[in-house]
Amino acid sequence: MLYDEYCFDENLIPNDLKNLKNYYEQYRDFTLELYLKIIGSEKAKQESPVNLVVGSSLKEIIELLDGIYILSNEFSTKNVILLVRKLFELYLQIAFILVKNDKKKKALIYILKNIQINKLTNWEDFCKKIEGAHNYLGINNDDVQKCIVLINETRTYNWFTVYNKKIKNLKDLSIELDKNENLFEQMSNSDMYDKIYDSLSREAHGHASL
């Protein structure tokens, strides 16, 4: 078995999809330009959990699009799947934070939950330190403590479940997002989950080798 023959085969990609790599590059460049405009704005200089979450997520999206472009340019289609899947996950979470109300609360829970589950610092020590602070990321300490209580009371890895216990997973998140706003005219978020993300997940977890 030749590695180049089986893993980097240009013929595996239909002719009408070969131009996708150019779109990935354009999307990356557009997202980078958007990111630079945002971080250079006056609003971005304000201390806010929303700025932190959206800025870091956009940076990750740029890196994902760069990786997708590189892989697609080498016709490594199978390996694009994981990155496209993650791209959709990031989109759902950013969109959910930005739509409707409670933007700061949702972003704050996102940050605090990430600190807890990713062990960025000792969670108990962090909570004690924050308790004595006047605010955290510009949020009044009373509101921060309420979010910490919610996190401690809710046994889940998902920050959005901490915010709303009815949203158990990304499928629920896509349905919830459809109630507020849909950025795509042709397909709802839940349809994208069912028709695209679900298939990518089966592939990513090794359930579609045949």
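Buried means under 20% relative accessible area, exposed means over 50%, and partly exposed lies in between (1.4 Å probe, protein chains only).

## Basis

This is a predicted model, in which local features need pLDDT of at least 70 and side-chain atom pairs count only at pLDDT 80 or more, while totals for chains, interfaces and linings use all residues. Residues are numbered from 1 along each chain as its sequence is written, and side-chain values use heavy atoms, with hydrogens and water left out.

Helices are DSSP runs (H or I, at least four residues), numbered from the N terminus.

A salt bridge puts a side-chain nitrogen of Lys or Arg within 4 Å of a carboxyl oxygen of Asp or Glu. The count by this rule is 10 salt bridges.

Arg28 is buried, at 16% relative accessibility. Its side chain forms a salt bridge with Glu25, at 3.8 Å from N to O. Both residues sit in helix 2 (residues 20–39), three residues apart, or about one turn of the helix. Glu25 is partly exposed at 27%.

Arg28 also forms a salt bridge with Asp66, where the closest N and O atoms are 2.5 Å apart. Arg28 belongs to helix 2 and Asp66 to helix 3 (residues 49–73), so this pair ties together parts 38 residues apart in sequence. Asp66 is partly exposed, with 29% relative accessibility. A network of salt bridges links Glu25, Arg28, Asp29 and Asp66.

## A pair in helix 9

Lys179 and Glu176 join their side chains in a salt bridge of 3.3 Å, N to O. They are three residues apart in helix 9 (residues 170–180), and about one helical turn separates them. An α-helix has 3.6 residues a turn, so residues three or four places apart point the same way. Lys179 is exposed, at 60% relative accessibility.

## Nonpolar surface patch

Phe30, Leu32, Leu34, Leu36, Ile38 and Ile39 make a nonpolar surface patch of about 520 Å². Patch members have over 30% relative accessible area and no salt bridge; nonpolar side chains (Val, Leu, Ile, Met, Phe, Trp, Tyr) are joined within 5 Å, and like charges within 9 Å. Areas come from the Shrake-Rupley method with a 1.4 Å probe; for residues, only the protein chains shown count as cover. Leu32 lies in helix 2 and is partly exposed at 36%.

## Nonpolar core

A nonpolar core is a set of buried Ala, Val, Leu, Ile, Met, Phe, Trp, Tyr and Cys residues joined through side-chain atoms within 4.5 Å. The largest has 46 residues, among which Leu112, Trp123 and Tyr136 touch the most other members. Elements giving two or more residues to this core include helix 3, helix 5 (103–117), helix 7 (141–153) and helix 10 (189–204).

Contact means heavy atoms within 4.5 Å. Leaving out residues up to four places away in sequence, Tyr136 touches Leu108, Ile111, Leu112, Ile115, Phe126, Ile130 and Val144.

Helix 4 has 19 residues and spans 27 Å from first C-alpha to last, close to the 27 Å expected at 1.5 Å a residue. The expected span is 1.5 Å times one less than the number of residues. Just after helix 4, Lys100 has a positive phi of about 55 degrees.

Ala208 lies in the segment after helix 10. Ala208 is partly exposed, at 29%. Beyond its neighbours within four places in sequence, Ala208 contacts Arg202 and Glu203.
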